[in-house]
Every structure is written in structure tokens, then in C-alpha cells.
Amino acid sequence: GVHREGIADMKFSRDGNMLVSVDMADDHVICIWDWRKARKVASASGDSAPIAAVHLCPDAGNAEGERFTFVSVGDRHVKFWEIQGTTLKAERGNFEHRGSLQGIFSVNFLELKHRGKPK
């Protein structure tokens, strides 16, 4: 299988169709699954440092043409991911180079709803 040494974390998309999983092996492979069709959609080596958690953007899409994004965090690790074909493209998180990046072991998205101007 893809995940050789266990799964560190996994999350379902909001619509329940897609699943993101991260491996505990040295290369910390991250996979996107269309689990209803039993099909791996995309995968990539996550990082050399351990990854503790993944979380999908609330409007992550469906990996079938819509933008599908998520974040991974761990030991000195923050990456923002997007599907490109059958691979994943990552961008490292930037904290304005203030000090060294510490371990991050939990992540979540905050949804803000615009309520308009008060009357």
C-alpha cells in the first residue's frame, strides 16, 4: 500500500467525497483519495520532518477540476497544498522570518461570514 508505517492523520472533505491522509514513514507521503470510488487522486512526499496534522480548506472543492487545497503542519513544518493533475504542489508557510519555526501539531480553518454594514 501507499502508507507503509501507519497513518499520522486523515481528514474528509466537507462534502464527504475526498479524503486526505498522511503517512508516518520517513517521506511522510500525503495522498488524496476519492474513497467512494476507491481511487487515489494525487500524492506527493510531504516533508522530511514529521507531519502531525492535515486540514482541508472549507471550500476545498472536489479534485475534479475545482480548486482543492489543504494545509499540513508538524515538526518545523507548515505547507499549503493544491492538486495539479495527479500530483500535489506545496508552498511553505512564511512567518516573516521572525525566529525559527517551531513544531505545530494542530491546524484548523476559521470561517468568517460577512454580515454586511449595520443599518
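1. Let's start inside, with serine 72. Setting aside neighbours within four places in sequence, serine 72 is in contact with Ile30, Ile51, Ala53, Val54, His77, Val78, Lys79 and Trp81. Keep in mind as you look around that this is a predicted model. Serine 72 is found in strand S6, and its relative accessibility is 0%. Buried means under 20% relative accessible area, so serine 72 counts as buried. Its side chain also takes part in a polar contact of 2.8 Å with the side chain of tryptophan 81.

2. Now step back to the whole chain.

3. A word on contacts along the chain. Take the contacts with a separation of 6 or more: residues 24 or more positions apart account for 39% of these.

4. Next, the largest nonpolar core. It has 16 residues, and those touching the most other members are Val20, Ile30, Ile32, Phe68, Phe70, Ile83 and Leu88. The elements giving two or more residues to this core are strand S2 (18–23), strand S3 (29–34), strand S4 (39–45), strand S5 (51–56) and strand S7 (77–84).

5. Which residues does leucine 88 contact, leaving aside neighbours within four places in sequence? The list is Ile30, Ile32, Ala42, Ser43, Ala44, Phe70, Trp81, Glu82 and Ile83. Among them, Ile30, Ile32, Phe70 and Ile83 are also on the list of core residues that touch the most other members.

6. Over to alanine 8, in strand S1 (residues 7–12). Is alanine 8 buried or partly exposed? Its relative accessible area is 32%, so alanine 8 is partly exposed, given that this class runs between the 20% and 50% cut-offs. Not counting residues up to four places away in sequence, alanine 8 touches Val22, Met24, Ile51 and Ala52. For one of these, valine 22, there is a C-alpha distance to go with it: the C-alpha atoms of alanine 8 and valine 22 are separated by 5.7 Å, though the two residues are 14 apart along the chain.

7. Loops can be buried too, and serine 13 shows it. Serine 13 lies in the loop between S1 and S2, yet at 6% relative accessibility serine 13 counts as buried. Beyond residues up to four places away in sequence, serine 13 touches Met18, Leu56 and Phe68. Phe68 is one of the core residues that touch the most other members.

8. Last, two backbone angles to check. Most residues other than glycine have a negative phi. Histidine 28 has a positive phi of about 45° although it is not a glycine. Histidine 28 sits in the loop between S2 and S3 and is buried, with a relative accessible area of 7%. Arginine 76, also not a glycine, has a positive phi near 55°. Where is arginine 76? Look in the loop between strand S6 (69–74) and S7.

Methods. Residues are numbered from 1 along each chain as its sequence is written. This is a predicted model: local features need pLDDT of at least 70, side-chain atom pairs count only at pLDDT 80 or more; totals for chains, interfaces and linings use all residues. Side-chain values use heavy atoms; hydrogens and water are left out. Helices (H or I, at least four residues) and strands (E, at least two) are DSSP runs, numbered from the N terminus. Buried means under 20% relative accessible area, exposed over 50%, partly exposed in between (1.4 Å probe, protein chains only). Contact means heavy atoms within 4.5 Å. A nonpolar core is a set of buried Ala, Val, Leu, Ile, Met, Phe, Trp, Tyr and Cys residues joined through side-chain atoms within 4.5 Å. A polar contact is a pair of N or O atoms within 3.5 Å; within protein, one must be able to donate a hydrogen and the other to accept it, and residues adjacent in sequence count only if both atoms are side-chain atoms.
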